[in-house]
Amino acid sequence: FKHFNAASTVDAAKGWIDLLDKGGKMFLAMAGAMSTAEIGISLAEMIRKDKVHAICCTGANLEEDIFNLVAHKHYVRVPQYRYLSKKDETALMKKGLNRVTDTCIPEDTAFRRIEKIIYTLWKKADDQNKRFFPYEYVYQLLDHLDHYEIDPKNSWVLAAKKKKIPIYTPGWEDSTLGNIFVAHVL
C-alpha cells in the first residue's frame with residue numbers, strides 16, 4: 001500500500017502523531033456525505049482517544065450522524081443511484097426517502113422525529129433570548145433522544161459531546177435542519 005499517494009497518507013499520519021506527541025491539537029475539517037457513509041465508526045474512536053480536538057463540518061454532516069443514530073434501520077441503499085431517472089427519484093420522494101448519493105434517509109423516522117425535538121429547543125432559546133451554535137443545539141437534542149438504532153459508540157457527535165469538542169458549522173443552511181429552521185422562521 002505504499003505506492004502512488006499511499007506514502008503521502010503514511011507521512012500525514014506520522015505528522016499527526018508527531019503533532020499530538022508534542023502537545024499539539026488536531027482540528028478536523030470534514031465535508032461530503034461522510035456521516036451518511038458512517039465515518040462515526042472510526043471518527044468516534046479517534047475522538048474518544050483524544051486524537052481530534054475541534055471539528056469544522058457541513059451542517060449535513062452534523063445532522064446526518066444524528067439521523068443515522070435514530071433511523072439507521074430504515075435507511076435504504078440505492079447502489080445504482082447514478083442511473084436513476086426523474087421517475088425513479090420521484091418514486092423515492094413519494095416513499096418519504098431523501099437520497100444522499102447512494103443512501104436514502106427516511107423522512108418520518110429521521111427528519112420529522114428530530115424536527116419535533118429541535119424545534120422546542122429553538123423556541124425555548126428564542127423565548128429566553130439565548131443563542132447557540134448549531135452543534136450546541138444538537139448536543140442539547142441528544143439529551144432528548146430515547147433510543148438509538150446504531151451502537152452509540154459509532155456516533156461521532158455523541159463522542160464529541162462527551163469530550164466537549166466544539167463543532168464549527170459555517171454552512172448550517174447546507175442541511176435539512178438548517179432549511180427547517182429557516183422555514184419555521186419564515
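Q: Helices are DSSP runs (H or I) of at least four residues, numbered from the N terminus. Which residue follows α7?
A: This is a predicted model. Helix α7 covers residues 156-163. The residue after α7 has a positive phi, near 60°. That residue is Lys 164.

Q: How are α3 and α7 oriented to each other: roughly parallel or roughly perpendicular?
A: Helix α3 spans residues 59-71, and its axis lies 8 Å from that of α7. The two helices pack at an angle of about 110°. Angles of 65 to 115 degrees count as roughly perpendicular. Therefore α3 against α7 is roughly perpendicular.

Q: How many residues in the contact of α3 with α7 are nonpolar?
A: From α3 come Asn 61, Leu 62, Asp 65, Ile 66 and Leu 69. They meet Trp 156, Val 157 and Leu 158 in α7. The contact has 1 polar and 1 charged residue, and its nonpolar residues number 6.

Q: Which elements do the buried residues of α7 pack against?
A: The buried residues of α7 are Trp 156, Val 157, Leu 158, Ala 159 and Ala 160. They pack against β1 (27-30), α2 (40-48), β2 (54-57), α3, α6 and β6 (167-168).

Q: Which element gives the most to the lining of the largest pocket?
A: The largest pocket holds about 410 Å³ of space and has a lining of 16 residues. Nearest its centre lie Trp 122, Asp 126, Tyr 137, Phe 181 and Val 185. Two or more lining residues come from each of α5 (107-127), α6 (134-142) and α8 (176-185). With 5 residues, the top contributor is α5.

Conventions
Residues numbered from 1 in each chain as written. Predicted model: local features only at pLDDT ≥ 70, side-chain atom pairs only at ≥ 80, totals over all residues. Heavy atoms only, no water. Axes fitted to C-alpha atoms, helices over the stretch in contact; angles between N-to-C directions. Parallel < 35°, antiparallel > 145°, perpendicular 65-115°, else oblique. Contact = heavy atoms within 4.5 Å. Nonpolar A, V, L, I, M, F, W, Y, C, P; charged D, E, K, R; others polar. 1 Å grid on protein atoms, 1.4 Å probe; cavity = no way out; pocket = protein on both sides within 12 Å on 5 of 7 lines; lining within 4 Å. Points joined across faces, edges and corners; volume = space filled by probe spheres on them. Buried < 20%, exposed > 50% of the residue type's maximum accessible area, 1.4 Å probe, protein only.
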